[in-house]
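Q: Can you walk me through this one? I'd like to go contact by contact.

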Amino acid sequence: MAIIETENLTYTYPGATNPSIRNVSIKIEKGEFVLITGPSGCGKTTLCRCFNGLIPHFYQGKLEGEVFVAGLKVDEHSIHELAKHVGLVFQNPENQLFALSVEKDVAFGLENLGVPRDEIRRRVDWAMKLTGIYHLKDRAPNELSGGQQQRVAIASVLAMKPEIIVLDEPTSFLDPLGAENIFKVIYELNRKFGITIILVEHRLDLTAKYADHIIIMDNGEILLDGETRSVLNSEKARLVGVGIPKATRLYQILKKDRVNLRSTIPLSSDEMAAMLEEVLKSK
Amino acid sequence: MSVFDGLKFRKVKSPIHDLDPRVKFIYVCVIFAIALIFWELIPLLILFLIQLPFVLLGKVQRQWLRSLRGAAFLAIIIFVTNFVFSFIGAGYRFTAESLESAFALTFRFVVLVESFSIFFLTTSPDNLSLALEQTRVPYEFCFAFTTAVRFVPVLANEAQTIMDAQKARGLELERGNFLKRIKNYIPILIPLIVSAIRRSLELAEAMESRAWGATKNRTNLYVLRMNKNDFILLAITTGILITAVYIRLFIPIPSVCELLEI
Ligand SMILES: Nc1ncnc2c1ncn2[C@@H]1O[C@H](COP(=O)(O)OP(=O)(O)OP(=O)(O)O)[C@@H](O)[C@H]1O
Ligand SMILES: [Mg+2]
């Protein structure tokens, strides 16, 4: 069984007339780096909330279809049970840190689970070192930059050692350089520890190169779902206006003009540059 | 604001900061109690002076002075009302005794502010919450406390931003009579409240996602343990308490006027 599996998932917020996501059936394998993208309001955040039980436990509303996460049926297990398997990092770094020091924040989840003190200490130090915030451990969250705050948020879910980390536009409050650094941290977690990553992101230019699998949503439904390069190269992806990487677009245009390029589709400017160099040399 | 500024905690490394907040709290309570059983100037002065070493050891003299300055206005009011009442009580006569007793009652207030400010200046909110937790105060309450401390500067910042934004749109805060001025603040209050509600929802979501309420037996990264200095402070506090009660019961306290033979 895949680590996340949904079947005909349809969800309507309480008081809403139309469902925010409709007939979503996806499969995410263990260890994948998945990108979810799509126009604003298409239901990306709503889908993320289904992965850790915020929907239906926190939001209530009407849930139809099925969601399995790490083998657990989401509506039959409480949020804190699911929290051991799935960590959720939110958009606004400020509103997910509650403690008065970085290390207390990273420890918060483990304290809630009643993990013994020396184990908390070990895991907190481990998570802070991995995310590069160990030197900030005694600082208060509001003395930190947005990028640092977002790393604290990542460390605080990482400390709970989940198999899956879901990040909902974690860098939309950050500058491009800060964003790039966050993506590198996430990528490392994926490669080194095999943590399944689900990243919601608009800026495909920066992130497509990390992803094995991409899901494009539109208007509450899954529009495209598959291997990153082929999905981004498709006509549908370009038409929905998700801002496919410039390198991919350039590749498509050059291909049309019959430039003799390799058949692997580039996702980042580095890959594109290497490809062009190859062509120029061969001439 | 200055009174609160004078109570704001800053991270400093000092023996006073390292003390167990529970012991410090007992100390403050004892000083409170002693200040209330004396109404003569000399013991209250002594009480004021014996706390100065704490201020110096805690390296908080600057903030401490600021908190006293913040309290000065109230102190003056206390002095004046007491003086006026004893002036009237003495049959509209100015006496040295009435001056002294007004001074004494003012000093009582100053001692209260002094010990209070030492406590808050040298106790981190984190430690305070830990102390509450370890005295079996429900965790929800301690959490509410630290979160409030955490978000006060954030909300203050936000209020300032909203104020600037509304001023840029032509809102004039300082115009009109008293009622009108209060009304001027509505365009600031409403966005502030709306955003606070949104913020609290996001916080709740984040808390839930991090296993809030998973078990009744919550653990904590830190525990407070009493060490040598805590026992020393406890001994000092007991000493002060016993001495003070003994003096109150068995030793007549001379007034400054008598000593100076006015
Ligand atoms: N708490 C809520 N209550 C009611 N409706 C909601 C709630 N949150 C979102 N919606 C609605 O659900 C739909 C999908 O919203 P969602 O936040 O999932 O979109 P999104 O893809 O995350 O958008 P964005 O890129 O702007 O974050 C929207 O129409 C929105 O109005
Ligand atoms: Mg969203």
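A: A definition first: a salt bridge here is a side-chain nitrogen of Lys or Arg within 4 Å of a carboxyl oxygen of Asp or Glu. By that rule, two salt bridges cross the interface of domain 1 of chain A and domain 2 of chain A.

Q: What kind of model is it, and what are the ground rules?
A: This is a predicted model: local features need pLDDT of at least 70, side-chain atom pairs count only at pLDDT 80 or more, and totals for chains, interfaces and linings use all residues. Residues are numbered from 1 along each chain as its sequence is written, chains are lettered from A and ligands numbered from 1 in the order in which they are written, and side-chain values use heavy atoms, with hydrogens and water left out.

Q: Where are the domains of chain A?
A: Domain 1 of chain A covers 2–230 and domain 2 covers 245–283. The bounds come from an automatic or database domain assignment. Over C-alpha atoms, the centres of the two domains are 33 Å apart.

Q: How many residues does each of those domains give to the contact?
A: Seven residues come from domain 1 of chain A and seven residues from domain 2 of chain A. Contact means heavy atoms within 4.5 Å.

Q: And how much area do the two domains bury between them?
A: About 690 Å², with 58% of it on carbon and sulfur atoms. Buried area is the accessible area (1.4 Å probe) that two parts lose on being put together, summed over both.

Q: Which residues of domain 1 lose the most area to domain 2 in chain A?
A: A:Asp205, A:Lys209 and A:Arg229. Together they account for 79% of what the domain 1 side buries.

Q: Back to the salt bridges. What does A:Asp205 pair with?
A: The side chain of A:Asp205 meets that of A:Lys246 in a salt bridge, 2.8 Å from N to O.

Q: How many polar contacts between these domains?
A: Three residue pairs, both partners at pLDDT 80 or more. A polar contact is a pair of N or O atoms within 3.5 Å; within protein, one must be able to donate a hydrogen and the other to accept it, and residues adjacent in sequence count only if both atoms are side-chain atoms.

Q: Which elements supply the domain 1 side?
A: Helix 8 (204–207) and helix 9 (228–233) of chain A each give two or more residues to the side that touches domain 2. Helix 9 of chain A has the largest share, three residues. Helices (H or I, at least four residues) and strands (E, at least two) are DSSP runs, numbered from the N terminus.

Q: Switching topic. How much do chain A and chain B bury?
A: About 3400 Å² between them, 55% of it on carbon and sulfur atoms. The contact takes 42 residues from chain A and 35 residues from chain B.

Q: How many salt bridges and polar contacts there?
A: Chain A and chain B share four salt bridges. One of them joins B:Arg210 to A:Asp105, with the closest N and O atoms 3.3 Å apart.

Q: Which helix of chain A gives the largest share?
A: Helix 4 of chain A, with ten residues. By class, the chain A side has 20 nonpolar, eleven polar and eleven charged residues. Ala, Val, Leu, Ile, Met, Phe, Trp, Tyr, Cys and Pro count as nonpolar, Asp, Glu, Lys and Arg as charged, and the others, Gly among them, as polar.

Q: What about A:Gln60, buried or exposed?
A: Exposed, at 52% relative accessibility. Buried means under 20% relative accessible area, exposed over 50%, partly exposed in between (1.4 Å probe, protein chains only). A:Gln60 is not a glycine, yet has a positive phi of about 55°. A:Gln60 is in the loop between helix 2 and strand 5 (62–69) of chain A.

Q: And A:Glu169, buried or exposed?
A: Buried, at 13% relative accessibility. Phi of A:Glu169 is also positive, near 40°. A:Glu169 lies in the loop between strand 8 (164–168) and helix 7 (176–193) of chain A.
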